[in-house]
Structure formats: structure tokens, C-alpha cells
Amino acid sequence: MNIETIKNGNLSIAVVTSDVPVITDTQSALDLAMTVKYETGCTNITINKDAIVDDFFVLSTRLAGEILQKFTNYGVRLAIFGDFSRYTSKPLQDFIYESNKGKSFYFQPDLSSAIDKLCNGPRSKKRNDYER
């Protein structure tokens with residue numbers, strides 16, 4: 001797992017990348033959020049899809065709901081980036097659509113879009129060019 005910090009004005013975003021799942025259940029998601037917050041001070045996190053266990057994307061497991069509820073409780077905003085086209089479940093597609101219209105959780109096709117979404121979200125200022 002790699003954690004980088006991107007700054008955009010007063011907004012800091014932690015970019016988490018991994019080739020293997022680091023979020024496998026609710027506790028590992030909380031551990032990640034607290035590690036990121038402790039190491040970087042960020043409560044805005046973007047993470048690649050491959051770093052999240054596939055069960056997250058099966059809504060009947062309730063894993064996504066549990067994790068997003070915990071993140072909400074701790075004031076963490078999350079943007080997941082990657083290719084979601086292989087998920088054909090209508091409920092998941094609706095969940096992704098509704099999340100992208102919300103304030104705290106986003107599903108984006110790439111890192112740049114994920115950063116833009118967090119920067120332009122309701123709790124942040126408008127996007128300027130960001131630096132790594």
C-alpha cells in the first residue's frame with residue numbers, strides 16, 4: 001500500500017493505492033481511515049478500486065453500507081477510482097449514480113476525476129491545479 005498526499009489550497013487529499021485489497025471488512029476500512037488521518041491529517045481519501053475487496057461491490061453483503069456509514073461517522077470523504085463497467089447489477093449502478101450526486105462518497109473512472117470530485121465537493125473550495 002502506498003499513501004501520498006495532494007494539496008489543493010487548504011484541502012489535503014490522501015491518495016491510497018494498492019495492488020491487493022487493503023479494505024476487506026469494516027474494521028480494515030476503519031483502520032485505513034485512522035492510519036491515513038494519523039499519518040497525513042487527511043479526512044479526504046481517494047483509493048483505487050483494486051484496493052477494495054470485491055464483496056464491497058455486492059450490495060447484498062452490506063459491506064459498502066457499513067463502511068460508508070463508519071466513514072460518515074468519522075467525517076471521512078471517499079472517492080474510489082477505477083473501472084466499474086464489469087459490475088452490471090442495477091442496484092449497484094444506482095448506488096454509484098446516487099453516491100456521485102452526494103456529498104461524501106464518489107465512484108470515478110480515474111485518479112484525476114476522483115481528485116476533482118473531492119476538490120469540487122460541497123465541503124471544499126473550487127479546484128485549482130493541485131500539487132503532489
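Modeller: Let's begin with the word "contact": here it means heavy atoms within 4.5 Å. By that rule, and not counting residues up to four places away in sequence, S12 touches T5, I6, K7, C42 and N44. Before we go on, bear in mind that this is a predicted model: local features need pLDDT of at least 70, side-chain atom pairs count only at pLDDT 80 or more, and totals for chains, interfaces and linings use all residues. Numbering starts from 1 along each chain as its sequence is written, and side-chain values use heavy atoms, with hydrogens and water left out.

S12 sits in strand β2, residues 11-17. (Helices are DSSP runs of H or I with at least four residues, strands are runs of E with at least two, and both are numbered from the N terminus.) With a relative accessible area of 18%, S12 is buried; buried means under 20%, exposed over 50%, and partly exposed in between, using a 1.4 Å probe and protein chains only. The side chains of S12 and K7 are also joined by a polar contact of 3.2 Å. A polar contact is a pair of N or O atoms within 3.5 Å, where within protein one must be able to donate a hydrogen and the other to accept it, and residues adjacent in sequence count only if both atoms are side-chain atoms.

R62 has a positive phi of about 65° although it is not a glycine. That stands out, since most residues other than glycine have a negative phi. R62 counts as exposed, at 62% relative accessibility.

V53 lies in that loop too, between β3 and α2. V53 touches P21, I23, T24 and L63, again not counting residues up to four places away in sequence.

Next comes α2 itself, residues 63-73, whose buried residues are L63, A64, I67, L68 and F71. Look down the axis of α2 and these buried residues fall within an arc of 120°, so they line one face of the helix. (The arc is that of the directions from the helix axis to the C-beta atoms.) Here's the general idea behind such a face: an α-helix has 3.6 residues a turn, so residues three or four places apart point the same way. What do the buried residues of α2 pack against? They pack against α1 (26-40), β4 (77-81), α3 (90-101) and β5 (105-108). After α2 comes G75, whose phi is positive, near 70°.

Rings of Phe, Tyr and Trp (its six-membered ring) pair if their centres lie within 6.5 Å; planes under 30 degrees apart count as stacked, over 60 as edge-to-face and the rest as tilted. By this rule there are 5 aromatic pairs. Take F56 and F57: their ring centres are 5.1 Å apart and their planes are at 75°, so the pair is edge-to-face. F56 and F57 are both buried. F57 and Y87 have ring centres 4.8 Å apart and planes at 20°, so that pair is stacked. Put together, ring pairs link F56, F57, F84, Y87, F95 and F107 into a cluster.

Finally, let's zoom out. The protein has 4 helices and 5 strands, which run β-β-α-β-α-β-α-β-α from the N terminus on. Of its 132 residues, 45% are buried. Among contacts with a separation of 6 or more, 68% come from residues 24 or more positions apart. Along its principal axes, the C-alpha trace spans about 40 × 25 × 25 Å.
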